[in-house]
Amino acid sequence: MEKTASERSSKLPLITMALIGVMTAVTCILGPLAIPLPISPVPISFTNLAVYLTLYVLGMKAGTISYLVYLLIGLVGAPVFSGFTGGPAKLVGPTGGYLVGFIFMALIAGFFIDKFPNKYYLHIIGMVLGTAVCYLFGTVWLCFQMELSFGAGLMTGVVPYLPGDAAKIIISVILGPALRHGVTQVKSR
């Protein structure tokens, strides 16, 4: 089947654009699901799980684009951020640094997933490094917003989340390769 002129001139193939939309929708579904913690203004979020899985499906470039689309949807007010919130106030609030940090998490983890196929231990390392950078952005912003020391910011916005984020990374490394394989099969048809 021959491609149309618009499909040939597009920088992103039509199937990739469709998958960006699907994975953005997945992030919009998982992102608002949050478990509030009484010790922190930062809830346990499933956004990072959605981003990790998106990176397996789309790779670094398109996966990061998918997250940016999600971020824009939330910024215009759609309730897609944790706790079914949205709008620019969320970005400038205590959790805004994490929302920005997810961009860098996607780039770093996506790089490892793309560059080292079938080396799952390197995927884990990439996700851990990406998550650490996300934590750095989030903690610095949280400290600024709440007038906390960096140590207090880590205890408030990082330490309670480490076990859950480790579990999300493990889930992603188990499910992600199967998702990637399935998408590769569909793309090759």
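Let's start with salt bridges: this structure holds 2 of them, a salt bridge being a side-chain nitrogen of Lys or Arg within 4 Å of a carboxyl oxygen of Asp or Glu. Before I go through them, please keep in mind that this is a predicted model, where local features need pLDDT of at least 70, side-chain atom pairs count only at pLDDT 80 or more, and totals for chains, interfaces and linings use all residues. Residues are numbered from 1 along each chain as its sequence is written, and side-chain values use heavy atoms, with hydrogens and water left out.

When I say helix, I mean a DSSP run of H or I with at least four residues, numbered from the N terminus. Asp114 counts as partly exposed at 31% relative accessibility, and Arg180 is partly exposed at 27%. For these labels, buried means under 20% relative accessible area, exposed means over 50%, and partly exposed is in between, using a 1.4 Å probe and protein chains only.

The other salt bridge is between Lys168 and Asp165, at 3.1 Å from N to O. Here the two residues are 3 apart in helix H8, so about one helical turn separates them. Lys168 and Asp165 are both buried.

Now to the nonpolar cores. A nonpolar core is a set of buried Ala, Val, Leu, Ile, Met, Phe, Trp, Tyr and Cys residues joined through side-chain atoms within 4.5 Å. The largest one has 27 residues, and Tyr67 and Met127 have the most contacts inside it. Helices H3 (47-75), H5, H6 and H8 (162-187) each give two or more residues to this core, and H5 supplies the largest share, 8 residues. What does Met127 touch, leaving aside its neighbours within four places in sequence? Met127 is in contact with Tyr52, Tyr56, Ala109, Ile113, Ile169, Ser172 and Val173, where contact means heavy atoms within 4.5 Å. Apart from this core lies another, of 8 residues, among them Leu12, Ile20, Met23 and Leu58.

Thr64, in helix H3, is buried with a relative accessible area of 7%. Not counting residues up to four places away in sequence, Thr64 touches Leu55, Gly59, Ile103, Ala106 and Leu107. Thr16 is found in helix H2, residues 14-30, and counts as buried at 9% relative accessibility. Beyond its neighbours within four places in sequence, Thr16 contacts Leu58, Ala62 and Lys187.

Last stop, helix H7. Which residues of H7 (150-157) are buried? They are Gly153, Thr156 and Gly157. Down the axis of H7, these buried residues fall within an arc of 75 degrees, so they line one face of the helix; the arc is that of the directions from the helix axis to the C-beta atoms. Their cover includes helix H5 (96-115) and helix H6 (120-146).

On the H6 side, Tyr135, Leu136, Thr139, Val140, Leu142 and Cys143 meet Phe150, Gly153, Leu154, Thr156 and Gly157 of H7. The axes of H6 and H7 come within 9 Å and cross at roughly 115 degrees, with axes being lines fitted to C-alpha atoms, for helices over the stretch in contact, and angles running from 0 to 180 degrees between N-to-C directions.
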